[in-house]
Amino acid sequence: MRTAIYPGSFDPITYGHLDIIHRAADVFDKVIVGILKNQAKSPLFDFDERVEMIQEVTKEYPNVEVVSFQGLLIDFTREQKADVIVRGIRAVSDFEYELMMAQTNKQLNPDVETMFLATSAKYSFLSSSTVRELAVFGGDISPFVPDYVREKICEKLEKRRG
Ligand code: COA
């Protein structure tokens with residue numbers, strides 16, 4: 001049984017993330033989407049909202065689970081009895097940071113491998129903050145997020161505007 005962790009902030013999840021999740025779900029027996037409770041970023045969605053959204057948009061994949069975590073990724077990987085961390089590489093600019101993270105995690109636990117999937121070219125420019133910014137200024141985000149997520153973003157922004 002091979003279990004992989006796909007970690008990130010997912011604020012919100014985009015088609016770029018889903019591309020990686022779907023492909024990882026075809027390769028591994030189980031994929032755990034790990035949502036980092038990162039206090040450094042000020043989020044649009046709280047963790048429960050992100051868990052719910054990701055569960056909704058991954059429901060056709062029975063081997064995908066969604067869990068939020070705090071602290072070190074490598075500790076979360078151990079807790080979840082996973083042996084692989086999956087990361088998407090969007091462009092060469094991602095590589096240096098990803099390599100550093102993979103090597104640090106390998107040092108912390110040599111039994112855990114990091115595997116990289118090349119993000120599909122059509123999503124290579126995408127990030128959650130791009131989607132948030134587009135939405136705030138009324139841009140069309142439908143090419144970047146599923147309808148369900150787009151509706152949740154619109155609802156959230158409506159509430160914020162009062
Ligand atoms: N498609 C679309 N967007 C993508 C993407 C993809 N395939 N891959 C990355 N992105 C986006 C993310 O949405 C994110 O956007 P944002 O900055 O606008 O929110 C950005 O690219 C950066 O992504 P990522 O590098 O995955 O950052 P993250 O904050 O989502 O996740 C962790 C980083 C959680 C993996 C990392 O901080 C971590 O492991 N932290 C735990 C603490 C720890 O163990 N530290 C030691 C590590 S050595």
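How many residues of the shell around the ligand are nonpolar, how many polar and how many charged? The shell divides into 9 nonpolar, 11 polar and 3 charged residues. Here Ala, Val, Leu, Ile, Met, Phe, Trp, Tyr, Cys and Pro count as nonpolar, Asp, Glu, Lys and Arg as charged, and the others, Gly among them, as polar.

Before you click on, note that this is a predicted model, in which local features need pLDDT of at least 70, side-chain atom pairs count only at pLDDT 80 or more, and totals for chains, interfaces and linings use all residues. Residues are numbered from 1 along each chain as its sequence is written, and side-chain values use heavy atoms, with hydrogens and water left out.

**Stop 1: the ligand**

Select the ligand and the residues around it. There are 23 of them, and S9, L73, R87, S128 and S129 come nearest. A residue is near a molecule or strand if one of its heavy atoms lies within 4 Å of it.

Now show three side chains: H17, R87 and R90. A polar side-chain atom of R87 lies 2.8 Å from an oxygen atom of the ligand. For H17, a polar side-chain atom lies 3.0 Å from a ligand oxygen. R90 also places a polar side-chain atom 3.0 Å from an oxygen atom of the ligand. How much of the ligand does the protein bury? Taken alone, the ligand exposes 940 Å², and the protein buries 83% of that. Such areas come from the Shrake-Rupley method with a 1.4 Å probe; for residues, only the protein chains shown count as cover.

Colour by secondary structure next. β1, α1, α4 and α5 are the elements that give two or more residues to the shell around the ligand. Helices (H or I, at least four residues) and strands (E, at least two) are DSSP runs, numbered from the N terminus.

**Stop 2: the loop between β1 and α1**

F10 is found in the loop between β1 and α1. Its phi is positive, about 50°, although F10 is not a glycine. Is F10 buried or exposed? F10 counts as buried because its relative accessibility is 2%. Buried means under 20% relative accessible area, exposed over 50%, and partly exposed in between (1.4 Å probe, protein chains only).

Step along to the next bond. D11 and P12 are joined by a cis peptide bond, with omega about 5°. P12 lies in the loop between β1 and α1.

A salt bridge is a side-chain nitrogen of Lys or Arg within 4 Å of a carboxyl oxygen of Asp or Glu. D11 is buried, at 6% relative accessibility. R132 is partly exposed, with a relative accessible area of 26%.

**Stop 3**

The structure holds 13 salt bridges. Select D83 and R2 for another. The side chains of D83 and R2 meet at 3.3 Å, N to O. D83 is in the loop between α3 (73–79) and β4 (84–89), while R2 is in the segment before β1 (3–8), 81 residues apart. D83 counts as partly exposed because its relative accessibility is 22%. R2 is partly exposed too, at 45%. Show T3 beside D83: their C-alpha atoms are separated by 6.1 Å, though the two are 80 residues apart along the chain.

In the loop between α3 and β4, pick K81. Its phi is near 55°, a positive value in a residue other than glycine. K81 counts as exposed because its relative accessibility is 71%.

Jump to E158 and R161. They form a salt bridge, with the closest N and O atoms 4.0 Å apart. Both lie in helix α6 (residues 147–161), 3 residues apart, about one turn of the helix. E158 and R161 are both exposed.

**Stop 4: N63**

Select N63 in the loop between α2 (47–57) and β3 (64–69). N63 is buried, with a relative accessible area of 18%. What does its side chain reach? The side chain of N63 reaches the backbone oxygen of F28 at 3.2 Å.

Conventions. A polar contact is a pair of N or O atoms within 3.5 Å; within protein, one must be able to donate a hydrogen and the other to accept it, and residues adjacent in sequence count only if both atoms are side-chain atoms.
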